[in-house]
Amino acid sequence: MPDAVVIGAGPNGLVAANILADAGWSVEVLEAQAQPGGAVRSDRGIDPDFVTDVFSAFYPLAAVSPALSALSLERDGLRWSHAPTVLAHPLPDGRCAALSRRTHETMRSVEAFGVGDGAAWQEWYELWQRMGDRLLRCLFTPFPPVRGGAALAARLGLAGGLEFARMMLLPVRRMGEEFFTGQGGRLLVAGNALHADLGPESAGSGAFGWLMSMLGQSVGFPVPVGGAGALSAALVHRLQRLGGTVRCGEDVRSVVVRSGRAVAVRTASGEEVPARRAVLATVSAPTLYRRMLRPEDVPESIRRQLRHFQWDLSTFKLDWALDGPIPWTAEAARGAGTLHLADSVDDLTRFSAQIATRRVPDRPFALFGQMTTADPTRSPAGTESAWAYTHVPQVVDGDAADAGLTGRWDESEQNIMADRVEAQVERYAPGFRALIRGRRILAPPTLQALDANLRGGAINGGTTAVHQQLAFRPVPGLGRPETVVRGLYLASSSAHPGGGVHGAPGASAARAALRLPPADALLSRLQRTLAGG
């Protein structure tokens, strides 16, 4: 009998399992899919010569994650690579705002759009250098972040703290207008905000855009050499070195609760897998509380609140194998690993408004990845492994382009939307379509079929909006990894701090499990003795 059973072999589950194994626990990880990794996987599904990241691709949060750093995954084969330029936001007229890890280059780029904007960017980065580590400590520790919050408050002081709090609550449009006179800096921070399901006018979108921008400035948007799957492979290899096991093709359907305590899980085949000390679930909060647990195990108040749980937007993704480098009109875009494709902040607002009114956007804002540019091992010399994704509504009531998209996402609708995204890319890179050797479409239902946590193509485990963050994630009263069942911990991105590949929810759940109450610890030792373990 293992000390802990972890449901799900994505990054949160594997981080949790490694931390428990480091503490001497025996750990068994059960994964529904045929391979580990969750939304951190790569394959050669388009062309055998091209490595493609199936879901996530760039990992700035992993680069600053205390949980991942402590695992020293380089010992298990993980290596990182960077594109020459972190991020570019090209415009159809050939101008381009570019973010580089060399601060003076970013300053020069935004200064070209507005006098004084380079100095404003430098001011931002100096603020980050003063308190970024303390902010990340708050982000990556369980709520409430007492130590990190105290350190941040001490560094900023009362007046500085209030000013910073106001800045973090700003919508990203207002933040850009307050700090920059030109379009360049505004586009960089606004495009970064829209990595999440936040519009330019959303409260708190400025905080997310600023965080991603400063991470890009300080650590870049690194990628694992050889594909996203290399990160998952390193986590699995490390766990196995410590004696942990990962079983794939094991779909956990329920958590077994006896006398108010989680004691096992039950798989789709009917197997009951016992856990001596803890069960850690890296599934969504609605799945755990409304499907895996019996109604009598969950207070009705929690079940009622979860009816209002808000998913983040659906994702529509395209992967390409390209016969040559992408012919961006903007020269500065050609060396970027990540690109944002929208004409202006107004264009981002228009895109977000169409989604808010449940219409599929007619000019989709595209996040674009040039993976061979970031890591030359991804495809043969002179080619490019690339992808793009955009957001669409979870529930579709209409099509802003009047092409009849309904959200069924059958083959016809997938092709219409894919052509729409490609037409957007073509506006910034004329001749792009002529380079396509192969294409793969990952519509919202496809993403969910490949990873059940990506419900309707939602990639962040629930909205990033402020009403479902911090103490409100996943619902008020459940802001920590402990659940209403003893020995059961929520370790997914539905828990604080939410989406992104950083392992924080898994790490928090593992550490909570390790802090067993004395009576539970004594019972676990007695059970092990009686079992001869």
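Here is a short chat about a predicted model and some of its residues.

Visitor: Hi! What kind of model is this, and how are residues numbered?
Guide: Welcome! The model is predicted, so local features need pLDDT of at least 70 and side-chain atom pairs count only at pLDDT 80 or more, while totals for chains, interfaces and linings use all residues. Residues are numbered from 1 along each chain as its sequence is written, and side-chain values use heavy atoms, with hydrogens and water left out.

Visitor: Thanks. How many residues are in the largest nonpolar core?
Guide: That core has 58 residues, and Trp-124, Trp-128, Phe-164 and Trp-210 have the most contacts inside it. Helix H5 (residues 117–140) gives the largest share, 11 residues. A nonpolar core is a set of buried Ala, Val, Leu, Ile, Met, Phe, Trp, Tyr and Cys residues joined through side-chain atoms within 4.5 Å. Helices (H or I, at least four residues) and strands (E, at least two) are DSSP runs, numbered from the N terminus.

Visitor: And what does Trp-124 contact?
Guide: Leaving aside neighbours within four places in sequence, its partners include Met-167, Phe-179 and Trp-210. Contact means heavy atoms within 4.5 Å.

Visitor: New topic: is Asn-192 buried or exposed?
Guide: Asn-192 is buried, because its relative accessible area is 0%. Buried means under 20% relative accessible area, exposed over 50%, and partly exposed in between (1.4 Å probe, protein chains only). Asn-192 sits in helix H8 (residues 183–193). Among its contacts beyond four places in sequence are Leu-87, Phe-208 and His-340.

Visitor: How many salt bridges does the structure hold?
Guide: There are 41. A salt bridge is a side-chain nitrogen of Lys or Arg within 4 Å of a carboxyl oxygen of Asp or Glu.

Visitor: Which residue does Asp-43 pair with?
Guide: Asp-43 bridges to Arg-440, with the closest N and O atoms 2.8 Å apart. The pair links distant parts of the chain, 397 residues apart: Asp-43 is in strand S3 (residues 42–43) and Arg-440 in strand S20 (residues 436–442). Asp-43 counts as partly exposed at 24% relative accessibility, whereas Arg-440 counts as buried at 16%.

Visitor: Last one: which side chain does Glu-422 join in a polar contact?
Guide: Its side chain meets that of Arg-439 at 3.1 Å. A polar contact is a pair of N or O atoms within 3.5 Å; within protein, one must be able to donate a hydrogen and the other to accept it, and residues adjacent in sequence count only if both atoms are side-chain atoms. Glu-422 lies in helix H15 (residues 411–428) and counts as buried at 4% relative accessibility.
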